[in-house]
Amino acid sequence: MAASYVPDVCYKDQVNELLERLSIQFLEMVPIRKMKWKDEETAALVATPFLQQKVLQATVLHPICQHHPPALSYSTRFMKELIHKLEMLDAEICDEVYETYTELLSQAEDDDDTLCYKTYTLPTGGKVHLQESVTLVSQGTTGLSTWQAAQHLAEWVLENQDVFTDKHVIELGCGLGLTGIVTCHSCNVRSYTFTDCHREVLYLLAKNIEDNLAPPETLLQLSGSETITLRDKKMLQKIKHQLSLTTERTTDSSCIVSDYGLVEGLEDGENITSSGMASSLELEERQEGEENEILVNEENSLALGGAKLEVNSNYWELDNRQQTAVLKVDPRLRISNLDWEDLEQDMMENVQADVVLAADVVYDTSIIPYLVQLLRQLLQPSPTTDVNKKAFVASTVRNEDTRDAFLIALSSEGLSYGVVEGPKQTVFHYDRNVPIEILQITLQ
């Protein structure tokens, strides 16, 4: 029976190590089929009902899941796979396993699964919780999910912290903030500016920064009430509604069902299709009228509707243009709506940047000229400092022609580039079979 499957390695320390590794992968929502969980390790972890309960506590019943839950469909699929493994091992399955699975199935009938949390574990043991969508292309943007190059760049930052010490850092196309939050956690930056140009992305980015870089008790003091306000709940409901419609549209466009149990627009390493983007853009236009009906609340101004930046004014200080906001509890941190195709020069004059970061921004040849012009502008010498400005751009090389177009554009704008050595240590779990390179870019 089950005991006959227990290998010699089943000692307390080794079992704890296996549980920790499994927990990290689960909280990061590593696709079930890609989880590093060998059959002999499964046998070690499920040898007794006690150990089966330990597996549950390390995954679906982990305390983190109370406030930062992974996608419900992902948890359900994990439990299904766990039961399958137990049955294959002819193990005696404890009641709690079946009860937990049944409870997840009952929740799945009612709960919205369009937004979830992925929790990334740092080498120090610290956690980064990101609220994101598992629909990779949605709302006309790829920024509602964390991409491989962002994880790769974050790993590189962890190994090159001296590059960012006492520097003003700006990130282009930051998405939901993994690279920036990791940088701010690990490096003593002078300032960090997160930038993107999509309202939904910027809203979730602000919430992720609040969640990871601001003490909860401080936020509670600023708000005078719960940190999740009624306006926040309405905004999240609105985003979830839009994402659910996007999922329905992409389901009809020959998209695939992922290991999360949700629809994805593309697989690891696959290129972004114009048809998927078009569907999202059409949806966005269709819902524009609905968005503009939500008014600004003066007491708690989440600037919905046509505003370029949507933040909670209890926590953020908005500029007059409502394009840049500074975190009140840490003025070093700011977010900005930065549209590369429509730069406002007076806004750019106020940008401080010694180091520029970007990840997975080179995927569309039509925006490359704007990106390169912005890089050139940000890398211009400052009259007030002698810092040698640098940009580090991480890209998943999906299309050689797109990559070549970017390199040619850099040279034509008088920018030098070279490939830097990637991170040596594996911190996050992503597909490493697809080539990812980091370019260091400077003025010639």
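Helices (H or I, at least four residues) and strands (E, at least two) are DSSP runs, numbered from the N terminus. This is a predicted model, in which local features need pLDDT of at least 70, side-chain atom pairs count only at pLDDT 80 or more, and totals for chains, interfaces and linings use all residues. Residues are numbered from 1 along each chain as its sequence is written, and side-chain values use heavy atoms, with hydrogens and water left out.

**Whole chain**

Start with everything shown. The protein chain has 16 helices and 13 strands. Of its 444 residues, 55% count as buried. Buried means under 20% relative accessible area, exposed over 50%, partly exposed in between (1.4 Å probe, protein chains only).

**Stop 1: Aspartate 354**

Select Aspartate 354. The loop that holds it runs between helix H14 (345-348) and strand S10 (355-359). Leaving aside residues up to four places away in sequence, Aspartate 354 touches Lys167, His168, Val387, Asn388, Lys389 and Lys390. Aspartate 354 is buried but has no salt bridge. That term requires a side-chain nitrogen of Lys or Arg within 4 Å of a carboxyl oxygen of Asp or Glu. The nearest side chain of opposite charge is lysine 389, 5.4 Å away. For charge, Lys and Arg count as positive and Asp and Glu as negative; His and the chain ends are not counted.

**Stop 2: Methionine 235**

Move to helix H11 (residues 230-251), where methionine 235 lies. Methionine 235 is buried, at a relative accessible area of 3%.

**Stop 3: Helix H16**

Select residues 400-412. H16 has 13 residues and reaches 18 Å from its first C-alpha to its last, close to the 18 Å expected at 1.5 Å a residue. The expected span is 1.5 Å times one less than the number of residues.

Color the buried set: Thr402, Phe406, Leu407, Ala409 and Leu410. Seen down the axis of H16, they fall within an arc of 160 degrees, so they line one face of the helix. The arc is taken from the directions from the helix axis to the C-beta atoms. Their packing partners are helix H15 (368-378) and strands S11 (390-396), S12 (415-420) and S13 (436-443).

Finish at the ends. Asparagine 399 caps the N-terminal end of H16, with a side-chain oxygen 2.8 Å from the backbone nitrogen of aspartate 401. After H16 comes glycine 414, whose phi is positive, near 75 degrees.

Technical notes
Contact means heavy atoms within 4.5 Å. A polar contact is a pair of N or O atoms within 3.5 Å; within protein, one must be able to donate a hydrogen and the other to accept it, and residues adjacent in sequence count only if both atoms are side-chain atoms.
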